[in-house]
Amino acid sequence: MNNISQRDAFWNRVYEIARKDTEVVVISADMGAPALDKFRRDMPSQFVNVGIAEQNAITIAAGLRLAGKKVFVYAIAPFITLRCLEQIRVENAIMDIPVTIVGVGAGFGYEDSGPTHHIIEDIAIMRSMPRIQIHSITDSVMASAFADISYHLKTTNYIRLDRQILPDVYHEGSDFTEGLSILRESDDCYIISTGSMTHTALELARDLEGRNINAGVIDVYNIPINGDALAEKVRNVKKLISLEEHFLPGGLGSAVCEVLNDYNIPLRVRRLGLSTDKLYCYKYGGREVIRGYYGVDKGSLAKDIAEYLSVESLCSLG
Amino acid sequence: MKVSAGELKKKSNEIRKTMLEMCIRAGTGHVTSSLSCIDILVALYHGRIMKYDPANPDWDERDRFILSKGQASPALYTVLADTGFFDPEKLNKFAQKDGSFGVHLQHDVPGVEITSGSLGQGFGVAAGIALGAKMNRNLYLVFTLLGDGECYEGSIWETAMFAAHNRLNNLIAIVDRNYLCVTDFTENLIALEPMEDKWKSFGWDVLRINGHSIECLVDSLSNLRSRRANRPLVIIADTVKGEGVECITNNPVWHGISPKGEEAETARLCLERSCGNE
């Protein structure tokens, strides 16, 4: 159990990479972090602060890349995706200029900041464009590993960091090449989740175990989803649930359904996430309160999932 | 050795004719937006201003030219074909089924650095390249051509601020100040003037010139490699949208289209007359 933020884990590792490779440049849209302060102090010529100007951040990043640099560009997640979406579309998706876009505050990470700072549409929007890989980060071990993966990547990726410190579920040296991992095995049923919701999925699965339901957990951290890998893992199960802190249209659940469809797997998915009918949330008092507004707090999810899996029918499956 | 103004004017006339024919053939293309910047492009590419090698478009030491107003692609494609970046035959297929490039600028055409068409973006990429060149201690210059209407985009001013703060004196922006947008003259639409003051207040060195005077263009674009300034330079080039083809100048209805039928014939005659007057 580690207690370092994904942000610090990621930037600490980028710092180490940049110490060895002077071509690495970090662009910050006026975002700080202890590791970035150190970066700026020790490698000022590799650090560019563009101010609160995300559109410019993306075009400057593209230009630096054309001049031979390896660029990480960083801001709060809604602003480094949606504010500059068209710049990303032209520079990164159309022209294929590879940079690493790093956004912090996935989902309700900025829990007390209101809906302008929540980001619950980015998976749908970013995955609608070719050439952009979404890396939805689960813990600090993965955050650190994806600093290296980003460094070696030949396409644009969007690193989706949670702002809050979440417990580590992976151990050093974990292999992330498949883009998804089974964190808990099951023959019958999987909860497929991403980011902070993977932690919730694991808690729910543990609770269900006490009720004699064996629900597995698949953590998806690379979108587009590795269809071969997902299809192989779920082909023979009986029930699937997707779980995300994101609006339902176009999100993880949609992406899972697309895979099932394309691989001829006749399974329905119970998609759990944020209903757009609930609009945006002005509730305060913590992430769980906001999740409660959308009906995806732990209590509501436990009830929903138990009903869906209906204890009797699953037991009879066993 | 300098190329004479007469030769450059002759070249501008040739490029105008080729460009106009290309767009008439295709039945599309932003003819007027291209005509306003052809003299600028001719000065850059034929006036011995920019360093480039048509046989090696990716030459590391080339000066970069970023056409931020991507709708003027017909002008740039014609100049690039003329300078030998690709077979001029390809111009005959402009925006056609079996062609390889169309109305807005495409980065995969030899000699073209970026895709543009969405305004306000190429300028930022140009500034990024200029910063990268500084970091790398490369000596090439980065030229970028902006439309005046493009200056309505907020991102232009994000980049303007950034470039001045970072002392990108290797970045030269040229504003094709033709005063026209899609629906109206800029000063009726949302006033862009006083443009010089705007750029100065953003920390740029500013020149304002007649953008159809080859002499003024070559003069202001010369000796930039030894410019004694730590500021980026913007050249506001006053131009006429449709320059050279009088029957389609200074009228917003000619934005984004190519003359057809009788109008095409009239446009050809106008251009002939204007070339004859040179």
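Q: Where in chain A does A:L279 lie?
A: A:L279 sits in the loop between β12 (269-274) and α11 (287-293) of chain A. Helices here are DSSP runs of H or I with at least four residues, strands are runs of E with at least two, and both are numbered from the N terminus. This is a predicted model, where local features need pLDDT of at least 70 and side-chain atom pairs count only at pLDDT 80 or more, while totals for chains, interfaces and linings use all residues. Residues are numbered from 1 along each chain as its sequence is written, chains are lettered from A and ligands numbered from 1 in the order in which they are written, and side-chain values use heavy atoms, with hydrogens and water left out.

Q: What is the phi of A:L279 like, positive or negative?
A: Positive, about 55°, although A:L279 is not a glycine.

Q: OK, prolines next. Which peptide bond is cis at A:P224?
A: The one from A:I223 to A:P224, with omega near 10°. A:P224 is in the loop between β10 (222-223) and α9 (227-234) of chain A.

Q: And for B:P194, which residue is joined to it by a cis bond?
A: B:E193, with omega about 0°. B:P194 is in the loop between α7 (186-189) and α8 (195-201) of chain B.

Q: Switching to holes. How many cavities of 30 Å³ or more are there?
A: One. A cavity is a set of points on a 1 Å grid over the protein atoms alone where a 1.4 Å probe fits but cannot get out; a pocket is an open set with protein on both sides within 12 Å along at least five of seven lines, and lining residues have an atom within 4 Å of a point. The largest cavity holds about 60 Å³ of space, a volume being the space filled by probe spheres set on the points, with grid points joined across faces, edges and corners.

Q: Which element gives the most to the lining of the largest cavity?
A: Strand β11 (residues 239-247) of chain A, with three residues. The lining includes A:R160, A:D162, A:H246 and A:R287.

Q: Which domains does that cavity lining draw on?
A: At least three residues come from each of domain 1 (6-161) and domain 2 (180-317) of chain A. Those bounds come from an automatic or database domain assignment.

Q: How far apart are the C-alpha centres of the two domains of chain A?
A: 27 Å. In terms of contact (heavy atoms within 4.5 Å), 26 residues of domain 1 of chain A touch 31 residues of domain 2 of chain A.

Q: What about the largest pocket, what's its volume?
A: About 560 Å³. It is lined by 30 residues, and the closest to its centre are B:P57, B:D58, B:R62, B:R64 and B:E113. α3 of chain A and β1 (64-67) of chain B are the elements giving two or more residues to that lining.

Q: Last one: how do the axes of α3 and α5 of chain A cross?
A: Helix α3 (residues 54-66) and helix α5 (residues 85-94) of chain A have axes that come within 9 Å and cross at roughly 10°. Axes are lines fitted to C-alpha atoms, for helices over the stretch in contact, and angles run from 0 to 180 degrees between N-to-C directions.
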